[in-house]
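Here's a quick briefing on how this chain is put together, with the cut-offs spelled out as we go. Have the structure open alongside.

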Amino acid sequence: NETGMAGRAAVMSVMDLHKSGAISRKRVTELIRPYHIRQLTSDTIDQEAYNVLNSFCSGVAVLPRSAVSARVYFTGDAALRAKRQGEKICLCKKTFLPTDTVVMREMDAIISLTSAAIHVITICQSLGIPALLSLEKNGVSLEPGVGLVNSSGRVIKEGDWITISSRRRALYEGKGKFKPARLLRYMKGEPVPLDEEEKKTFAAIAYDFRYYQQLIRGLKVE
């Protein structure tokens, strides 16, 4: 089940299959998805930032090991207008309809108060968009003219900064402090603190990730 694999596992296992001749180059592009690559290359939240951010609620994460800070909006029109200003934007709605997919594709994050339908999962997985779902189960409501209200009565208003951590399955108030992905820093030769086991793992994934990049370079896909 490739959709359940973390990015590191996906790249290493798929490249092993390709090197052994079990799968074609085209099949590699089908198995390694954008959200797998995003897990390896996206900036990560500095652990110290969690001491500053206020936890707002928990939810169900669509993608493993992804994080993003964005301004939250509650309608597609408002989200698109804000997106044109160059900000990272999160669209939050009680529920998403199939007609919302055009807007969702432009977003940097998605929040759904209810459990998501298959079209939301498909968009998030195919484009690598972090999403947090089922907030209603944690006592969160979307009040017209007010904003997101949690079980303690705290409010996130439209346009406020929020941070989503898929790994922690949590929504935080405020903008997180991010740092470059450890793998990219390692591949650039920058000093990255690693234990002995991690040194072996990082050497292996760096090799496979470079192999993957060479493989897809110039490949024509639909």
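Let's start in the sheet, where Ala70 stands opposite Ile162 in strand 11. Strands here are DSSP runs of E with at least two residues, helices are runs of H or I with at least four residues, and both are numbered from the N terminus. Two strands pair if DSSP finds at least two bridges between them.

Some ground rules: this is a predicted model, where local features need pLDDT of at least 70 and side-chain atom pairs count only at pLDDT 80 or more, while totals for chains, interfaces and linings use all residues. Residues are numbered from 1 along each chain as its sequence is written, and side-chain values use heavy atoms, with hydrogens and water left out.

**The sheet as a whole**

- Strands of a sheet pair through backbone hydrogen bonds, either parallel or antiparallel.
- In this model, 8 strands make an open sheet with mixed pairing, in the order 2-12-11-4-5-6-7-3.
- Strand 2 (54-58) and strand 3 (60-61) sit at the edges with a single partner strand each, so one side of each has no neighbour in the sheet.
- Strand 11 (residues 161-165) and strand 12 (residues 170-173) run antiparallel and are joined by 4 bridges.
- Across that pairing, Thr163 stands opposite Tyr172 in strand 12.

- Strand 4 and strand 5 pair in the parallel sense over 3 bridges.
- Arg71 has Ile89 of strand 5 as its bridge partner, and Tyr73 stands opposite Leu91 in strand 5.
- Together, strand 4, helix 4 and strand 5 make a right-handed β-α-β unit (right-handed if, with the strands pointing away from the viewer, the path from the first strand over the helix to the second runs clockwise).

- The axes of helix 1 (residues 7-19) and helix 3 (residues 34-41) come within 8 Å and cross at roughly 115° (axes are lines fitted to C-alpha atoms, for helices over the stretch in contact, with angles from 0 to 180 degrees between N-to-C directions).
- Helix 1 and helix 3 are therefore roughly perpendicular to each other (65 to 115 degrees counts as that, under 35 as roughly parallel, over 145 as roughly antiparallel and the rest as oblique).
- Their crossing is left-handed, as the near helix is turned anticlockwise from the far one by less than a right angle; clockwise would be right-handed.
- Gly7, Arg8, Ala10 and Val11 of helix 1 meet His36, Ile37, Gln39 and Leu40 of helix 3, contact being heavy atoms within 4.5 Å.
- The axes of helix 1 and helix 8 (residues 196-216) come within 9 Å and cross at roughly 65°, and this crossing is left-handed.
- Residues in that contact include Met12 and Met15 of helix 1 and Phe202, Tyr207 and Leu215 of helix 8.
- The axes of helix 3 and helix 8 come within 13 Å and cross at roughly 130°, which makes helix 3 oblique to helix 8.
- Helix 3 uses Ile37, Leu40 and Thr41 to meet Ile205, Phe209 and Tyr212 of helix 8, again in a left-handed crossing.

**A loop residue: Val62**

- Val62 lies in the loop between strand 3 and strand 4 and counts as buried at 15% relative accessibility.
- Leaving aside neighbours within four places in sequence, Val62 is in contact with Ile121, Cys124, Gln125, Ala131 and Leu133.
- Val62 and Gly128 are 66 residues apart along the chain, with 9.6 Å between their C-alpha atoms.

Terms used
Buried < 20%, exposed > 50% of the residue type's maximum accessible area, 1.4 Å probe, protein only.
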